[in-house]
Amino acid sequence: YQEPSAAARSATDPSVVSQFLVPAGPAGLDVEPTWDSLGMRATASHDLHLNVTVPADRLLGGVEGLALVVAQLMPHWLVASYAAVYAGVARAAIDAAAEHLVARNLAGLPAVRARLGRADAAAAAAGLAVAEAARRVDEAPGDEETNRWVWRAKLLAGTTAAEVAASMVEAAGTSATRRGHPLERLYRDARCGSLHPATSDVCADWLGVAALGGDPDRDGSTPRW
């Protein structure tokens, strides 16, 4: 009997996600250009086909399945990337809408101004949540309250980006939905904010479990992502 490799286990068990250092350039690394998403197009998250053998010491951390464990217990990457990005997308949508409205002499409409005002407040609140999560990550990484702030930041940033971008498109009108218009692109990107892991539903579930006195790592959504 031979213990199955990490790669073999990962292929059959989605809960086992391991990371390996694979040398760049050898045969057996092939990128298939499959990424054609509603939003997030700039990520170019194409399929990567691996047909290579690497030494056991190339397993990051030396522990199989470590990738998701680290992401669950110390989810700092949610602040550094996804949450901060979508807080920025919300602000960019406001800026693009303001420029569009001024150029088309629509800035004098009270309903339009109100939309921008509500969007500004929502984007500011999401930005403050991201900043607070980042501060706590810097001071107390992995702390239970720090992790809750990370989930709050991701939930608020993703939800706010989608709501703000949709409102800004409505304020700007149908001309902003043309392909290539900044708001058209920002709307598509913002709509993916709640879907980027951890999803808004998952973050909300973890926060709800914690509010009820439970343990999100034990009692939260399964699968985690």
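This is a predicted model: local features need pLDDT of at least 70, side-chain atom pairs count only at pLDDT 80 or more; totals for chains, interfaces and linings use all residues.
**View 1. Helix α5 packs against helix α6.**
Take α5, residues 144-172, and α6, residues 182-191: their axes sit 8 Å apart, at an angle of about 155°. Anything over 145 degrees counts as roughly antiparallel, so that's the label for α5 and α6. The crossing of these two helices is left-handed. Who touches whom here? On the α5 side you'll find Gly158, Ala161, Ala162, Ala165, Ala166, Met168, Val169 and Ala172, and they meet Leu183, Leu186, Tyr187, Ala190 and Arg191 of α6. Sort the residues of this contact by class and you get eleven nonpolar, one polar and one charged.

**View 2. Helix α4 packs against helix α5.**
Now look at α5 with another partner, α4, which covers residues 110-139. The angle between α4 and α5 is about 160°, and their axes are 8 Å apart. That angle makes α4 roughly antiparallel to α5. Here, too, we have a left-handed crossing, this time of α4 and α5. The contact between them brings in 18 nonpolar residues, along with three polar and five charged ones.

**View 3. Trp151 and Trp206 form an aromatic pair.**
Trp151 belongs to helix α5 and Trp206 to helix α7 (residues 200-211), so the pair ties together parts that are 55 residues apart in sequence. Are these two residues buried or exposed? Both Trp151 and Trp206 are buried.

Methods: Residues are numbered from 1 along each chain as its sequence is written. Side-chain values use heavy atoms; hydrogens and water are left out. Axes are lines fitted to C-alpha atoms, for helices over the stretch in contact, and angles run from 0 to 180 degrees between N-to-C directions. Helices (H or I, at least four residues) and strands (E, at least two) are DSSP runs, numbered from the N terminus. Angles under 35 degrees count as roughly parallel, over 145 as roughly antiparallel, 65 to 115 as roughly perpendicular and the rest as oblique. A crossing is left-handed if the near helix is turned anticlockwise from the far one by less than a right angle, and right-handed if clockwise. Contact means heavy atoms within 4.5 Å. Ala, Val, Leu, Ile, Met, Phe, Trp, Tyr, Cys and Pro count as nonpolar, Asp, Glu, Lys and Arg as charged, and the others, Gly among them, as polar. Rings of Phe, Tyr and Trp (its six-membered ring) pair if their centres lie within 6.5 Å; planes under 30 degrees apart count as stacked, over 60 as edge-to-face and the rest as tilted. Buried means under 20% relative accessible area, exposed over 50%, partly exposed in between (1.4 Å probe, protein chains only).
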